[in-house]
Amino acid sequence: IFVAVRCCPALVASVFHRPARHFMKIIAIGRNYVDHIAELKNERPTDPVVFLKPDTAVLKDNAPFYHPDFSDDVHHEVEILLRINKEGKYIAEKFAHKYYEEIGLGVDFTARDLQQKCKEKGLPWEIAKAFNGSAPISGFLPKTQFADLKNIDFSLRVNGGLRQQGNTGLMLFDFDVIVAYVSRFFTLKKGDIIFTGTPKGVAAVKPGDRLEGFIGTEKMFDFEVK
C-alpha cells in the first residue's frame, strides 16, 4: 500500500528505496525514442524492439553498480518502468491498461563496445545488455498519481548535472502498445517489469559517478558507480 509521498521527505525516501515486491522477468524495449535512434544511427523500427534481462541483472535499494571489467564503454539509459499486476497473453491493446498499475524508473546499462562487436558479427547482444547488475530499478508509484500517462517527464542526473531528459509523449510505442505487443510472444505474469525505452543523451559511466533518477521532480533512485 502506498501512502502520499509528497507530505514528507522521509516518506519520499521510503518509496524510492522500495523495489518491486517480487518480479518474474524483465522485458525491455529498444529504439522507442526518435532522438535516441538518431544519436546511435540506428534504423527506426516498425514494431517494438524487444529483449530480455535475467533476474540477476536487477539492482535494488540503491545498491551500487559495479563497472564490469569486460567493457570500457558502459552507457546509462534511463527508462520508465511498468510493473505488471496480473497474468495475461494475447492482450488486446484496448485492455492493456488493466495489466499494469504501477510506474517506476530504471537504468538499462549497456556495454556499448560489446554490443557493437556483436552487431557487426550479426550475433545476439545479450552479453551487452543482460549482464549482472545491468538493471537498477526504483520503487514504484501508483499510475493513478499521474494525470496523463502520455505526458510523464523523467530525467537522469550524473554527478548533479542533467544528462538525460524525456517525456512519455515522445515514445514511438506507448505503454498500451508495448504491453499488447510483448504479450503476443511472452505470457505476462504478476511482477514482470517492462523497461519502455530511453531518450537521447546516453553516455558512458565511470567509477565514482553518482546517478540520480527522477519522475517529474520526485527522486526515484540515487546510487553510485564503483
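Q: In strand S11, which residue is the bridge partner of leucine 81?
A: Let's start with the pairing of strands in this predicted model. S5 and S11, the latter spanning residues 193–195, pair in the antiparallel sense over three bridges. Within S11, the residue that bridges to leucine 81 is phenylalanine 195.

Q: Which residue of S6 stands opposite leucine 82?
A: S5 also pairs with S6, again in the antiparallel sense, and seven bridges join them. Across from leucine 82, the S6 residue is isoleucine 103.

Q: How many of the residues of S5 are buried?
A: Take the two faces of S5 in turn. One side carries Val78, Ile80, Leu82 and Ile84, the other carries Glu79, Leu81 and Arg83, and all of these are buried. S5 is therefore largely enclosed by the rest of the structure, its buried count being seven of seven.

Q: In S2, which residue is the bridge partner of alanine 28?
A: Alanine 28 points the same way from S1 as Ile26 and Gly30, while Ile27 and Ile29 point the other way, and all are buried. S1 runs parallel to S11, with three bridges between them, and there the partner of alanine 28 is phenylalanine 195. S1 also runs antiparallel to S2, joined by five bridges. In S2, alanine 28 is bridged by phenylalanine 51.

Q: Is phenylalanine 51 buried or exposed?
A: A residue counts as buried under 20% relative accessible area. Phenylalanine 51 has a relative accessibility of 7%, so the label that applies is buried.

Q: What kind of aromatic pair do phenylalanine 51 and tryptophan 125 form?
A: Searching the whole structure turns up nine aromatic pairs. For phenylalanine 51 and tryptophan 125, the ring centres are 5.4 Å apart and the planes meet at 65°, so the pair is edge-to-face.

Q: How many residues apart in the chain are phenylalanine 51 and tryptophan 125?
A: Phenylalanine 51 belongs to strand S2 (residues 49–53), whereas tryptophan 125 is in the loop between H3 and H4. The pair thus links distant parts of the chain, and the separation is 74 residues.

Q: Which element gives the most residues to the largest nonpolar core?
A: This core has 44 residues, and those touching the most other members are Phe65, Phe109, Val179, Ile194 and Leu211. Elements that give two or more residues to it include strands S1, S5 and S6 and helix H5. With five residues, the leading contributor is H5.

Q: Which residues does valine 179 touch, not counting those up to four places away in sequence?
A: Valine 179 is one of the residues that touch the most other members of the largest nonpolar core. Setting aside residues up to four places away in sequence, its contacts are Leu82, Ile91, Ala96, Tyr99, Tyr100, Leu188 and Ile194.

Q: Where do the buried residues of H3 fall, seen down the axis of the helix?
A: H3 covers residues 112–120, and Arg112, Leu114, Gln115 and Cys118 in it are buried. Seen down the axis, these residues line one face of the helix, because they fall within an arc of 160°.

Q: Which exposed residues does H3 carry on the face turned away from its buried side?
A: An α-helix has 3.6 residues a turn, so residues three or four places apart point the same way. On the buried side of H3, the cover includes strand S4, strand S7 and helix H4. The face turned away carries the exposed residues Lys117 and Glu120.

Q: How far apart in space are histidine 36 and lysine 200, C-alpha to C-alpha?
A: Histidine 36 lies in helix H2 (residues 34–39) and counts as buried at 5% relative accessibility. Leaving aside neighbours within four places in sequence, its contacts are Glu77, Thr198, Pro199, Lys200 and Val202. Lysine 200 is 164 residues from histidine 36 in sequence, yet C-alpha to C-alpha they are apart by 4.1 Å.

Q: At what distance from the ring centre does lysine 143 lie over tyrosine 100?
A: Two lysines sit over tyrosine rings here. The charged end of lysine 86 is over the ring of tyrosine 99, 4.8 Å from its centre. Lysine 143 lies over the face of tyrosine 100, and its distance from the ring centre is 4.4 Å.

Conventions:
Residues numbered from 1 in each chain as written. Predicted model: local features only at pLDDT ≥ 70, side-chain atom pairs only at ≥ 80, totals over all residues. Heavy atoms only, no water. Buried < 20%, exposed > 50% of the residue type's maximum accessible area, 1.4 Å probe, protein only. Helix = DSSP H or I, 4+ residues; strand = E, 2+ residues; numbered from the N terminus. Arc of directions from axis to C-beta. Contact = heavy atoms within 4.5 Å. Core = buried A, V, L, I, M, F, W, Y, C linked by side-chain atoms within 4.5 Å. Pairing = 2+ DSSP bridges. Phe/Tyr/Trp six-rings, centres within 6.5 Å; stacked < 30°, edge-to-face > 60°. Lys NZ or Arg CZ within 6 Å of the ring centre and 35° of its normal.
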